[in-house]
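Subject: Structure handover

Hello,

Here is the structure for you to look over. My notes on what turned up follow below it.

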Amino acid sequence: MPTPTLPPTLSLTPAGSPAAPGTPALEGWPLLRLGFRPFYLGAALYALLAVPLWTALFLGQVTLTLAVPPLLWHAHEMLFGFAVAVIVGFLLTAAKVWTGLAMPRGALLGALVVVWLAARLAAVLAPYPVYAVLDLALLPLVAAVLIERLLRARNRRNLPLAALLVLLSLSNLAFHLSVSGALALPPLKALYAGLALIVMIECVIAGRVVPAFTMGATPGLKLVARPWLERATLSFTALALALWLFLPAGPSTGLVSAGVFALAAGLHLRRQWHWKPWTTRGRPILWILHAGYAWIPLGLALLALAQAGWIGTSAGVHALAVGATGGLIIGMITRTARGHTGRPLQASKAEVAAYALVMAAATLRVLLPLVAPQWLPLALVGAALTWCAAFAIYLFIFAPWLAQTRHDGKDG
């Protein structure tokens with residue numbers, strides 16, 4: 001898979017630089033000027049609301065009629081509600097830099113946000129068919145926009161990300177077909193496919209931005225790309241996840257899958273070591289990306305143990321979903337939002353607390369049940385509280401910034 005080129009800051013202008021004299025007056029509501037604004041805001045708010053609701057449902061403290069069973073609702077919405085919103089916001093913003101072309105804004109961007117929001121509400125308020133139709137609409141629309149812009153700009157190196165969006169759309173379709181009984185497939189299998197694709201998106205993007213950001217903030221540091229390592233890491237990760245999804249269950253096939261997972265985990269460790277993560281210890285806005293990425297090899301290693309029959313699948317799934325996805329998301333939505341609102345790329349103490357809280361949520365959700373299964377309810381409550389606190393901090397700091405014109409007065 002070709003590795004797309006991402007600029008070091010994903011920002012059209014230097015953070016904090018003043019607007020050029022004679023800049024035309026900005027038009028439209030600031031919240032709808034670039035994709036990251038409404039989708040980051042919506043994702044953070046959804047993270048704050050959906051996780052405690054799921055915890056209350058799981059512990060029997062709340063009863064609620066949902067479009068799908070509660071476990072499937074939780075797993076689906078954290079992937080296709082929360083994570084997809086961040087991915088869409090990121091790509092609709094980054095593609096403007098990659099192509100130099102205008103991306104959806106104003107009424108068109110607002111329509112995409114309404115589609116996303118309507119699906120989240122339909123899951124708890126509408127009949128299942130309404131939920132399914134609304135939920136299936138967003139990703140194909142965004143993929144079509146992204147593909148059209150990339151082709152028009154002849155930027156084919158980033159087409160693999162658009163292809164991953166198409167595959168993510170198909171995994172969501174498979175989920176809804178399985179829930180409705182039209183496809184003989186366990187719904188969780190389709191959700192695992194969605195998680196696998198999101199992990200691949202994270203692997204591709206992290207492979208560009210993490211070393212670029214690390215070099216940019218560390219004077220004199222040179223990280224020379226190693227194409228063989230990049231290709232091997234992405235290839236064996238994709239192979240391991242494909243075997244997990246498609247290989248028939250059995251002792252021998254499980255050991256084969258476990259071996260490939262273990263190899264992929266080792267390659268990710270080698271890849272991250274090459275990025276020199278220890279150089280970021282004094283820069284929280286960087287070390288959170290390294291910390292989030294570190295959950296990918298851990299999650300793959302836990303899935304290797306699960307495939308060998310030594311532990312359950314849940315630990316590996318949540319390492320990838322909470323640790324890797326949550327960690328990378330909280331890091332990216334702070335850094336890119338700071339850059340694109342014209343603010344310094346320096347995390348405040350409150351943001352550092354949010355980083356630590358997401359890492360604590362992952363540790364509680366993944367590791368505590370492994371060592372003390374009887375403490376699962378406590379782990380769930382603790383993880384939910386720390387997760388919610390992290391995104392509450394994000395909203396408190398960033399919601400006003402996302403709804404206002406850039407600090408430097410520029411467009412975007």
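Three cavities in this structure reach 30 Å³ or more. Please keep in mind that this is a predicted model.

**Largest cavity**

The largest cavity holds about 220 Å³ of space. Its lining counts 16 residues. Nearest the centre of the largest cavity are E202, I205, L328, I329 and M332. Helix 6 has the largest share, with seven residues. What is the make-up of the lining by class? There are 14 nonpolar residues, one polar and one charged.

**Second largest cavity**

The second largest cavity has about 70 Å³ of volume. Its lining includes F80, V84, V115, W116, A119 and R120. L134, D135, L138, L139 and N172 are also in that lining. Two or more residues each come from helix 2, helix 3 (106-125) and helix 4 (128-152). By class, the lining of the second largest cavity has eight nonpolar, one polar and two charged residues.

**Largest pocket**

Now the open space. The largest pocket has a volume of about 810 Å³. It is lined by 35 residues, and H74, S314, V317, H318 and R365 are the closest to its centre. Which helices each supply at least two residues of the lining? They are helix 1 (36-58), helix 2, helix 6, helix 10, helix 11 (349-371) and helix 12 (376-402). Helix 10 brings the largest share, eight residues. By class, the pocket lining has 27 nonpolar, seven polar and one charged residues.

**Surface patch**

On the surface there is a nonpolar patch. It is formed by V166, L167, L170, L173, L177 and L183. Together these residues have about 440 Å² of accessible area. One of them, L167, sits in helix 5 (residues 159-180). Why does L167 count as partly exposed? Its relative accessibility is 42%, and partly exposed covers the range between under 20% for buried and over 50% for exposed.

**A contact across the chain**

A262 is in helix 8 (residues 251-274). It is partly exposed, with a relative accessible area of 42%. A262 and L300 are 38 residues apart along the chain. Their C-alpha atoms are separated by 6.8 Å.

**Backbone points to check by eye**

Most residues other than glycine have a negative phi. Two residues here go the other way.

- R154 is not a glycine, yet has a positive phi of about 55°. R154 lies in the loop between helix 4 and helix 5. R154 counts as exposed because its relative accessibility is 71%.
- K276 also has a positive phi, near 55°, and is a residue other than glycine. K276 is in the loop between helix 8 and helix 9 (284-307). At 29% relative accessibility, K276 counts as partly exposed.

Best wishes

Methods: Residues are numbered from 1 along each chain as its sequence is written. This is a predicted model: local features need pLDDT of at least 70, side-chain atom pairs count only at pLDDT 80 or more; totals for chains, interfaces and linings use all residues. Side-chain values use heavy atoms; hydrogens and water are left out. Patches are made of residues with over 30% relative accessible area and no salt bridge: like charges are joined within 9 Å, nonpolar side chains (Val, Leu, Ile, Met, Phe, Trp, Tyr) within 5 Å. Accessible areas come from the Shrake-Rupley method with a 1.4 Å probe; for residues, only the protein chains shown count as cover. A salt bridge is a side-chain nitrogen of Lys or Arg within 4 Å of a carboxyl oxygen of Asp or Glu. Helices (H or I, at least four residues) and strands (E, at least two) are DSSP runs, numbered from the N terminus. Buried means under 20% relative accessible area, exposed over 50%, partly exposed in between (1.4 Å probe, protein chains only). On a 1 Å grid over the protein atoms alone, a cavity is a set of points where a 1.4 Å probe fits but cannot get out, and a pocket is an open set with protein on both sides within 12 Å along at least five of seven lines; lining residues have an atom within 4 Å of a point. Grid points are joined across faces, edges and corners, and a volume is the space filled by probe spheres set on the points. Ala, Val, Leu, Ile, Met, Phe, Trp, Tyr, Cys and Pro count as nonpolar, Asp, Glu, Lys and Arg as charged, and the others, Gly among them, as polar.
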